[in-house]
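Morning, everyone. I have one structure to show today, and I'll keep it short. Please take a look at it first.

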Amino acid sequence: MPQKKKRQNASADEHTFLAIRVDRYEVSVDAAINYNLYSPETAWDLDDGQPIYKFTTRLTVVGVATYPPQQKDDTYEFTIYGNDLGPRNLHATLKDVQARDEHGSLRYRTYRGRQIPIYIPPKGIAFIDKVRGERWWTASLWVLPNFASDLLVVLSSGRPMFLAVDAHKSERSRWIRSLSLQTTDPANE
């Protein structure tokens with residue numbers, strides 16, 4: 001009987017640093033009453049601490065990758081929502097992601113004679129999804145309103161802009177670990 005070949009573990013993490021030249025952007029700014037007031041039964045994560053009035057900045061940035069070579073000329077579209085009502089707690093602290101034991105106590109490890117906290121970091125700030133059959137990638141990010149406003153100020157300067165993205169692939173998902181907008185091409189750094 002022939003022996004079966006062992007499958008290699010495909011779950012190895014992969015890091016990619018992307019340089020994206022910004023080609024265009026679109027922006028909208030909205031003010032509304034929190035929709036959860038009208039239909040609280042449909043709210044996924046109803047929180048009584050949410051504000052009544054909702055103010056959102058939506059910024060869509062589209063660009064073409066200049067680095068790495070295997071993704072050169074791929075198109076990336078980032079939709080950035082600037083509001084405090086996003087799907088995550090944007091004000092989370094390190095203590096919020098500290099590991100806990102079975103009794104709920106914070107976990108620590110010893111490092112060179114000191115007690116160091118053990119953290120369970122988030123996988124990223126957003127997913128990057130590839131459009132099947134095309135060289136097109138999309139991502140949606142929820143950020144604080146002042147970050148979205150800062151992005152808009154920098155984009156409106158009239159200078160050529162680039163996005164530097166630290167992407168991380170874990171199992172079958174791609175995550176954004178960091179995103180920055182800058183006037184210099186990160187591929188040249």
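Predicted model: local features only at pLDDT ≥ 70, side-chain atom pairs only at ≥ 80, totals over all residues.

Start with the overall sheet. Seven strands form a closed barrel, in the order β1-β2-β3-β7-β6-β9-β8. The pairing is mixed. On average, neighbouring strands here are turned by 35 degrees against each other, direction ignored.

Now find β3, residues 75-82. Which sense does its pairing with β2 take, parallel or antiparallel? Antiparallel, over eight bridges, with β2 spanning residues 53-67. Val-62 has Glu-77 as its bridge partner. For Gly-63, the partner is Tyr-76.

Turn to β7. β3 and β7 run parallel, and eight bridges join them. Look for Thr-79: its bridge partner in β7 is Ser-140.

How enclosed is β3? Six of its eight residues are buried, so the rest of the structure largely encloses this strand.

Next, helix α1, residues 145-155. It lies across five strands: β1, β2, β3, β7 and β9. Of these, β7 covers 136-143 and β9 covers 173-182. Against β2, the helix runs at about 50 degrees.

Last, the surface. There is a nonpolar patch of about 700 Å². Ile-33, Leu-37, Tyr-38, Ile-52, Tyr-53 and Phe-55 make it. Take Ile-33, which lies in β1, residues 14-33. Why can Ile-33 contribute to a surface patch? Because Ile-33 is partly exposed, at a relative accessible area of 38%, and the patch cut-off is over 30%.

That's my tour. Over to you.

Note on methods:
Residues numbered from 1 in each chain as written. Heavy atoms only, no water. Patch = residues over 30% accessible without salt bridge, like charges linked within 9 Å, V, L, I, M, F, W, Y side chains within 5 Å. Areas by Shrake-Rupley, 256 points an atom, 1.4 Å probe, with all protein chains shown as cover. Salt bridge = Lys/Arg side-chain N within 4 Å of Asp/Glu carboxyl O. Helix = DSSP H or I, 4+ residues; strand = E, 2+ residues; numbered from the N terminus. Buried < 20%, exposed > 50% of the residue type's maximum accessible area, 1.4 Å probe, protein only. Pairing = 2+ DSSP bridges. Axes fitted to C-alpha atoms, helices over the stretch in contact; angles between N-to-C directions. Contact = heavy atoms within 4.5 Å.
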